[in-house]
Each structure stands twice: as structure tokens, then as C-alpha cells.
Amino acid sequence: MSDRRPVEVFYTGLQHERTSLAWERTAISLMVAGLVLSRFAATEAFWLLAAGGMLQVVFGAALLVWSGVHYEDLHGTLRRGADVVHPSATRWVGIATIAGTGAGLVAAVTATIMR
């Protein structure tokens with residue numbers, strides 16, 4: 001099996017490329033939101049909230065690395081003709097993203113109210 005990227009298109013709509021780009025955009029937006037949260041919390045001396053924001057940045061970076069690795073894994077699966085759908089992984093990442101964003105929102109609102 002070759003490690004090179006395939007020259008042929010597996011699907012005419014290029015769904016796996018679009019999905020990979022969506023994961024990358026999500027990861028980058030998580031990192032940016034974490035940096036903004038950390039910056040706000042650090043200027044207001046909410047160090048625990050700043051640490052939470054930095055944890056969000058680390059999670060976003062890990063998601064960015066995972067999306068690249070997962071994209072490369074998809075090409076091997078597609079070459080073999082196997083199914084690439086993993087609905088449970090998508091659900092769990094979606095739930096984790098919503099929970100993390102909700103927790104950040106609650107923490108930011110709480111910090112603003114406590115001022």
C-alpha cells in the first residue's frame with residue numbers, strides 16, 4: 001500500500017476533503033475562542049478561567065492534528081473500498097464541542113456578573 005495521496009477522486013463531490021476542512025475550521029475556531037477567553041480572563045485576574053481557555057486551545061490543537069491524521073487514514077480506507085462513516089465519533093465530538101462552548105459561555109457570563 002502506497003503512502004502517497006491518490007490521484008483519482010473517490011467521490012465526485014469530494015466529501016472527505018470538505019469534511020476534513022470543516023474539522024480544521026472547527027479546531028482553529030476552538031483555539032481562537034480559547035485564546036480570546038484566556039486573554040480576557042488574564043486581564044481580569046480570573047486565572048482559573050484563563051487556564052480553562054488554554055485547555056480549550058490545547059484541545060483545539062489536538063483536534064487539528066487528529067483531523068489531519070484522520071484525513072490520511074480515510075484515503076487508505078477508500079482505496080480498499082470500505083465504508084468510512086463513523087457516526088458515533090461524530091456525535092461524541094459534537095457533544096464535547098457543545099459542552100465545552102457552553103461551559104466557556106457560563107464561565108464568561110459568571111465572571112462578568114461577579115465583577
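**Walking through the helices**

Mentor: Let's start with L74, which is buried, with a relative accessible area of 11%.

Trainee: Why is L74 called buried?

Mentor: Buried means under 20% relative accessible area, exposed means over 50%, and partly exposed is in between (1.4 Å probe, protein chains only). L74 has 11%, so L74 counts as buried.

Trainee: Before we go on, what am I looking at?

Mentor: This is a predicted model, where local features need pLDDT of at least 70, side-chain atom pairs count only at pLDDT 80 or more, and totals for chains, interfaces and linings use all residues. Residues are numbered from 1 along each chain as its sequence is written, and side-chain values use heavy atoms, with hydrogens and water left out.

Trainee: What makes something a helix here, and how many helices are there?

Mentor: Helices are DSSP runs of H or I with at least four residues, strands are runs of E with at least two, and both are numbered from the N terminus. The protein has three helices and zero strands, so the order from the N terminus reads α-α-α.

Trainee: What about S20, buried or exposed?

Mentor: S20 sits at 9% relative accessibility, so S20 is buried. S20 is part of helix α1. Leaving out residues up to four places away in sequence, S20 touches S67 and Y71; a contact means heavy atoms within 4.5 Å.

Trainee: How do you know that S38 is buried?

Mentor: The relative accessible area of S38 is 8%, so S38 falls in the buried class. S38 belongs to helix α1, and apart from residues up to four places away in sequence, S38 touches A50, G53 and M54.

Trainee: What lies 3.0 Å from a polar atom of the S38 side chain?

Mentor: That's the backbone oxygen of A50.

Trainee: Which residues make up the largest nonpolar core?

Mentor: Five residues: L37, A41, L49, A50 and A111. Helices α1 (15-43) and α2 (47-80) are the elements giving two or more residues to this core. A nonpolar core is a set of buried Ala, Val, Leu, Ile, Met, Phe, Trp, Tyr and Cys residues joined through side-chain atoms within 4.5 Å. As for L49, its contacts are L37, A41, A107 and A111, not counting residues up to four places away in sequence.

Trainee: Why is L64 called partly exposed?

Mentor: L64 has a relative accessible area of 31%, so L64 goes in the partly exposed class. L64 is in helix α2, and together with I28, V32 and V36, L64 forms a nonpolar patch on the surface. Helix α1 gives the most to that patch, with three residues.

Trainee: And for the protein as a whole, how much counts as buried?

Mentor: Of the 115 residues, 23% count as buried. Also, among contacts with a separation of 6 or more, 68% come from residues 24 or more positions apart.

Terms used:
A polar contact is a pair of N or O atoms within 3.5 Å; within protein, one must be able to donate a hydrogen and the other to accept it, and residues adjacent in sequence count only if both atoms are side-chain atoms. Patches are made of residues with over 30% relative accessible area and no salt bridge: like charges are joined within 9 Å, nonpolar side chains (Val, Leu, Ile, Met, Phe, Trp, Tyr) within 5 Å. Accessible areas come from the Shrake-Rupley method with a 1.4 Å probe; for residues, only the protein chains shown count as cover. A salt bridge is a side-chain nitrogen of Lys or Arg within 4 Å of a carboxyl oxygen of Asp or Glu.
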